[in-house]
Structure formats: C-alpha cells, structure tokens
Amino acid sequence: GALLVSERIDREELCGTVSPCSLSFEILVENPLELYSGVVEIQDINDNDPVFPSSQARLEISESVAPGVRFPLESAQDPDVGINSLQTYQLSANPHFVLDVQTREDGSKHAELVLEKELDREEQRELHLVLTALDGGSPPRSASVQIHIDVVDANDNAPVFNHSTYKASVRENTPSGTLVARISAYDLDDGPNGDVVYSFSSHTLAKVRELFTLDSATGELKVKGQLDYEEMKLYEIYLQAKDKGVVPGVAHCKVLVEVVDVNDNTPEVTVTSVYSPVPEDAAPGTVVALLSVTDLDSGDNGLLLVQVSDVNDNAPKSLQDHYDVYVPENNVAGIPILNISATDPDLGPNSRLSYVLLQGDPTVSRLFSINQENGTLYLLASLDHEDQMKFSMMVQVQDGGSLPLSTNLSVSVFVTDLNDNAPVVLYPRPNSTSTDVVAPGTPARHMVTKVVAVDADLGYNAWISYTLLQATDPSLFSIGLHSGEIFTARQVQENEAPQHTLVILLKDHGEPALSASVTVTISVDEMVKEALIDLTDVAPAHDSRRQVTFYLILAVILVSVAFFITVVSVGIFKCYKWRQSKELFNSSRSTLYRTPGPFHHIDAVRGGFTPPSFYHQVYLTTDSRQSDVLCKKPFTSSPLGSRQNTMRNGEPGLYHQIVGTASRVPKPAE
C-alpha cells in the first residue's frame, strides 16, 4: 500500500502559477470492496531564479519633470509560488530616484521609479542604475537589470489618460480580434508633441502580450490569443501613452480584464469495472462498477446535474377559500370584477392551471363568465340591486396533470345599491281629479290629507322627504317633512279662497337626489261641515283604535301574570298537601293510632265480631302496608257517620278504636 514517486516532479510544469498544486487519485481495496480518495499536494521549493525580460532598460526623462513623477519598470518573473516567488526589488543608491514596490491583485510585485530630486541635463546628461529582483527563498535568489536614464530637454505637456484604471470583462474562448476596452489620452501640445501613441508598459507580463494586442493609434485593446478561465481569471494590463516630441511625455494607466467562465468543458465520466461478469445469483447491493465524474468548469458550469421528474402530487392552492366581491348596480356589461389567484408547486403541465365556473344556478351562468387561463371573473350583464342583491357561485381550479387535481373556491357577489329610483306617489294618484275638503273654522294642526309615496331603493336612498313647493296661500297649510301629512297651519277663516292648490316636492336622500312632485287640491266650503264632523270623528276613532290596542296589550300582560301566579299557587298548594299527608302518615304510627285493646283490628275481622257490611269499602293511607283497615257501611251519605254506625253494631272497644283511627285519616277521593 505504499505510494511511490515514479518520476521527477516539476511543480511549475504541472500547475504553473496555481497554488496549491495537488494531484488526485483513487485507491480501490477489494474483499471487502472499498474506495478511497487521496490527494497529493506538490510543495514548491525555491529552484528558480527571478528573470527580467532583458538585461538592460533605457529611459528618456525630461529635465523639466517635477519630483513625484513615477516611471514603471519592467517586472521580473519567477515561476515559483508562495514565499519562493518574487518578493521585492532593490535599487542602487543615487541622489535622484527612489524605488516604490507595489503589489498586484494576484499578489505579484512590480516596481516604479519615483523622481525625488529634479534632474539637470547640464549637470548630468545620463544616469546608470541597477535594479535587483529578490525572491523569498532561503537563501534568496536574485536577478539584476541595468537601467540607463538619458536626461533630455523639456517637453511642456505630457499625455493624460481619462481614467487611471479601466475595467472590462470578456468571456473565455472569445475569438481573436474581439474588442476588450478602448483607452484614451490627450496631450495639450501642438504638432508632434501633441500626437499620442499607445503601447504596453515595460512591466507588462509577456503572457499578457501574447493574449492581447493594443492598437497604437486608437488605443483599442483586443483579444489576440486563447483565453481560458480555468488558467487565469483576471489580467492586469499596464499601458502607456507617449507623445512624439523629441523628449516624449509619458502617461500610464491600468486595465483590469475579468475572464468570464463559459461552460466549455464536458463532464468526464470514468467507469471502473470491478465485477464483470456479474453472477446471476449476485445479491442486491453488489457493486458492479465505480463511476467518477469531473468537470473543469467552475460554479454552476462545473456541477453535474441530476434531473428529478415531477409527479402531480400537489393540488392548486389559493390564498383564500372564499372571495367577497361588491359590484354597484347598473354596471357596464363585460367588465372584470375579480382576479382569482392560485398556485401549484408542481412543474410543467402539472402546474398549468385552468379555471372553470361550476354549473349551478342558471342565472349565474348567464350573468358571469371566467377566463380559463388567468382566473379573471367577468360580469356579462348589468345588475339591478332591487332585482337581486347577492349571487353565489363555485369556481374550480384544476391543474394539467394526467390525473388532474382540483380545488373549489366559493365566490359571493354583492350588488350594492345606487340611487336609481325616484319616489313614486301612491296617493293622490297622478292625474286624479279628487279634491279634499276643509270647512271654515277648522283649527290649526288639523290633518286634512296625506301624501303617500314609496321609493324602490333601500336604506338612505329610499328615505323620502316632503316639501311644500307651491301653494295658493302658503300660510294656510303645512306638510310633515317625513310623514307627508298635510295640516292646517292656522285656523281656516270664512273669507279664505274657495280652492287651494298645493304642489308637493318629494325627494329622496340619495347622491344625487331624485325627486317627484304631486298636486293636491283642497276646497274650503261652508256646506261641508258635516264632512268636517265626519273627518273630526275619524281622528278620535283612530285614537280609540290606538287605545284599544293599548288595552289589548295590557290585558295580555295581566292574563299572563295571573296565569303565572295561578301556576305558582297550585304548586305551593300541592307541596303543602304533600307535606300534610306525610305528617299524617307519621302520626299514624303513634300510640293514638294504635291504641292497645283486647285484640288487633284484623283479628276482629277474622274472628267474626263485625257484621258483613263492615267489609263493603276499604280506605288505605299512603302506605297501606303499615296502615290499619277502615271500612264504612254501604249507601251512607257521610263516611264518618257510616263508620260510627258500623262501629255501634260491633263491640264497644272496637268502636272507640276504629273511630279514633278514622279521625286521623284524610278523606280519600271518590
């Protein structure tokens, strides 16, 4: 079971810059069959020196450049990783420049010269510096490059980039020539000193130069090589812009290019057969083969998906089982009044819902319709609150499974009332020629007649108010605001106009209010006092009917109270009689009831001391098993007298004993 190295391992060749570098393997153990996964991590050693692209570098710097200006330098490359990779740079001692080492987002280092003291071409025309790159090994490995700086005369303005950092993203496997980004710089100088040329900076990696190309005139950065997300996810590209002056001005910028993963790797399935052929008597659960699936893509592109087929095991569901809808009457036909919403957690056809209005009331089927796809309920005709105020229906929501599941929802549609009916006068009838009569001398507040009207609406919309709109003499008559009763406002005089015409306005309380009017004619005539008397008698008769009603109600109350008192009295009487009989029974067991004598009563009967008529009638107490016998003579008017007469025919002792007993026994019912 020992794992051995079969050949020399080169981490840089296997994994490049990827860290950690690991190799995966599987170990199969038989009897019993088991599978183990293993990983060998290849650790890096410091076996590579940093390397500069060239052994020399030359810079031209104007003597007019102000201190603080930066000049990027070519970066060294070290294929080692971790602490063994390139860690820092060193610059030889000089009075004008210092070195600033910066770290890229991928952890690599690059160096920039920073002018610390102004240059003077007359004092020194060129400078020679040495840049040394060091890794972090122990001992560290290094590499050096010679930097020659030529000090030239001033160029007034250097190019300036619109942005110091540009960001772009590009999909892997993008074809060559695809535009990635466009950089732009401007120079305020004229002529050649203002013409800008774009190029890669000196410390741009060689790998980047192989994958991207830069148009020196337009600044367009395009794809040149084959991008691979699995190899590198982000590229930092350092670009510069120079003018064409004798001493060119230089500006620098950075472009960050993010590589977007594409599902360009198919899953690799490795099947290892370990048990073939399979015996026909192999037990269930016997391992036949081992499968290993890998995908070089990342994220969701690297998963192996197992599809689970859906089963129609969920019925449609709605947030509520009952819906209440309020629709004003006189609606426009064809309007939607409700949107029934239901969901089904199943997938595909199993979740496709349809809505059906179940057949029931034919009126509902005629007035309502539902959209089978979205559950919108439509009203097909105009409704009338006075005709029908409520409609009830059932809506079935069904899914599209092969064995469909459904849910029933109840819907109630309430028709709200609108003020669409004006008051209708019942009395006096329209176009009627009848005239009401009042006699002179009629007192004030005498009811002459009454206007009767109805409104087909309900509630506040049907509340009618009556107003005297026009009258021959407005001071003579008035009308009740809500009763419609017409009264004399004052006493009718002898010199009144013979005929009065009243125009009554009837108005409901809807919004807006609807109204009607009626004309009432009242005559004042001396010859109709008898009619006045009859009319006067009508009111008291009306009052007497009210009094009769009052007395009838009072009589019902009194009869009910008397009945209740009677029932209670009878109950109390019954309880009293029951207690009295119980006390008499108890007293029957006393010494007075059973007076000692020469023999018991039953013995007297058996011995023949009493005549035959003594046995004619028998009265027993409530507990006859313990009471004595009491007899009377037939055809006698008084039970007590009969008992006394009977006893007189017998023995004197028996007579006294029996009579004493009878006096304590209550009279039985016939």
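Over residues 550-573 the chain is 100% helix and 0% strand, with the C-alpha atoms at its ends 34 Å apart. Helices (H or I, at least four residues) and strands (E, at least two) are DSSP runs, numbered from the N terminus. UniProt, in an unreviewed entry, lists residues 550-573 as "transmembrane region"; such annotations may be inferred rather than shown by experiment.

A word on what you are looking at: this is a predicted model, where local features need pLDDT of at least 70, side-chain atom pairs count only at pLDDT 80 or more, and totals for chains, interfaces and linings use all residues. Residues are numbered from 1 along each chain as its sequence is written, and side-chain values use heavy atoms, leaving out hydrogens and water.

Now for the whole protein. Its secondary structure comes to seven helices and 40 strands.

Which elements each supply at least two residues of the lining of the largest pocket? They are α1 (11-15), β5 (86-91), α2 (206-211) and β17 (234-243), and β17 gives the largest share, four residues. Here a pocket is an open set of points on a 1 Å grid over the protein atoms alone, where a 1.4 Å probe fits, with protein on both sides within 12 Å along at least five of seven lines; lining residues have an atom within 4 Å of a point. In total, 38 residues line the largest pocket, and T17, Q77, D106, L205 and M232 lie nearest its centre.
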